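Subject: Structure for you to look at

Hello,

Here is the structure I said I would pass on. Please open it alongside this message, as my notes are meant to be read next to it.

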Amino acid sequence: MSATKTKADAKGFLASGLGIALFSSAVFGTSGSFAKSMLETGWSPGAAVAVRLTGAALILAIPGVVVLRGRWHQLKDNWLTILLFGLIGVAGCQLFYFNAVARLSVGVALLLEYLAPVMIVLWLWIASRRRPRSLTAAGALLSLGGLVLVLDLTGAVKVDFIGVLWGMAAAVCLVIYFFITAKENDTLPPLVLASGGLLVGALVMWLVGALGLIPMTFSTADTTLGPWTIPWWVSAVGLVILATVLAYVSGIMAARSLGSKVASFVSLTEVLFAVIWAWLLLGELPGPIQLLGGLLIVGGVVLVRVDELRGDRKAARTAEEAVRARVLDHANDVEPVPSGPVAKVPRD
């Protein structure tokens, strides 16, 4: 294979959006490792989240303003969406996840958070009182079974149940995040939503910290990542640049290239990347039973996603068939005869 063909294949892979989506998952997966390296030196979860959101909000503010192009009414018209996104989808989700990471391994905390799609299925089932399709129900049951294995209730690994509650709270926030971002809104560019949500989340974190509602403890002690001992600000910069700015921007690019459904499907690889990063940088690796449970959770979420895509394709085919049927019903309709004198046809 020639070098030219290899470069062309690499460009095609990136242009398809799949490479960008995998890159987004890989850098998102570093957040738990960077955060835990800081938490182990005395940082509180609230302080780590505040620094992460503040740095990312400042960096994304400039491209966010450029995208607005002076259309400030978009912020006014969508202020509630931005507020809820920043309060729950950004600040709440990350604070709860970091609290879970402080008590659990990075992989287990993220697996608990990724029960969000299963929670969505259960919520829609309760709200609509319509039983989900068989594949979706099987995915939900598979994920719940995986959760039991991840908790490893009878194993030697002791699971901190306060950490489990934090992880489940992060999953609830992620559910709300999905509902907010899934709502079609042509008047609010994704980059503006991301930068605005990060800014709101940062302000909320500093406010609740100033009020004493959550501890805000900082540390300048060196952090440890893998075999390296590094200054605290290196972990902080990695948390801001890699795990937040590049992750959000590449995630938006991937969603535009692949569509939200396929991009969210690929984002499941974040669990795999997070476990790999935690293994390489922190020496953490869930036990065999927990790894099996993680595979079941991811497999269950995959089934839910596949069933959703199949349902969308079936709905699209049904709509096309309905349009085709309407066309056939009127296939023999004739144009109305124009009014006025009718020309006489000469006879032989």
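Predicted model: local features only at pLDDT ≥ 70, side-chain atom pairs only at ≥ 80, totals over all residues.

Residues are numbered from 1 along each chain as its sequence is written, and side-chain values use heavy atoms, with hydrogens and water left out.

The whole chain

The protein chain has 15 helices and two strands; these are DSSP runs numbered from the N terminus (helices are H or I with at least four residues, strands are E with at least two). Of its 348 residues, 42% count as buried. Buried means under 20% relative accessible area, exposed means over 50%, and partly exposed is in between (1.4 Å probe, protein chains only). Contact means heavy atoms within 4.5 Å. Among contacts with a separation of 6 or more, 86% are between residues 24 or more positions apart. The accessible surface comes to about 19400 Å², and carbon and sulfur atoms hold 69% of it; areas come from the Shrake-Rupley method with a 1.4 Å probe, and for residues only the protein chains shown count as cover.

Serine 25 lies in helix H2 (residues 18–28) and is buried, at 4% relative accessible area. Neighbours within four places in sequence aside, serine 25 is in contact with Val266, Ser267, Thr269, Glu270 and Phe273. In helix H3 (residues 31–39), nine of the nine residues are buried, so H3 is largely enclosed by the rest of the structure. Lys36 is one of these buried residues, as are Phe34 and Met38.

Helix H8 (residues 116–128) has 13 residues and spans 18 Å from first C-alpha to last, close to the 18 Å expected at 1.5 Å a residue. The expected span is 1.5 Å times one less than the number of residues. Buried in H8 are Ala116, Pro117, Val118, Ile120 and Val121. Arginine 129 follows H8 and has a positive phi, near 60 degrees.

Helix H14 (residues 269–282) has 14 residues and reaches 19 Å, close to the expected 20 Å. Its buried residues are Glu270, Val271, Ala274, Val275, Ala278 and Leu281. They cover an arc of only 155 degrees around the axis, which puts them on the same side of H14; the arc is that of the directions from the helix axis to the C-beta atoms. Glycine 283 follows H14, with a positive phi near 75 degrees.

Surface

Phe23, Ile59, Trp233, Val237, Ile241, Leu242 and Leu246 make a nonpolar surface patch of about 570 Å². Patches are made of residues with over 30% relative accessible area and no salt bridge, with like charges joined within 9 Å and nonpolar side chains (Val, Leu, Ile, Met, Phe, Trp, Tyr) within 5 Å. A salt bridge is a side-chain nitrogen of Lys or Arg within 4 Å of a carboxyl oxygen of Asp or Glu. Helix H12 (residues 232–258) gives the most to this patch, with five residues. Leucine 242 is in H12 and counts as partly exposed, at 32% relative accessibility.

Leucine 141, in helix H9 (residues 134–151), counts as exposed at 62% relative accessibility.

Regards
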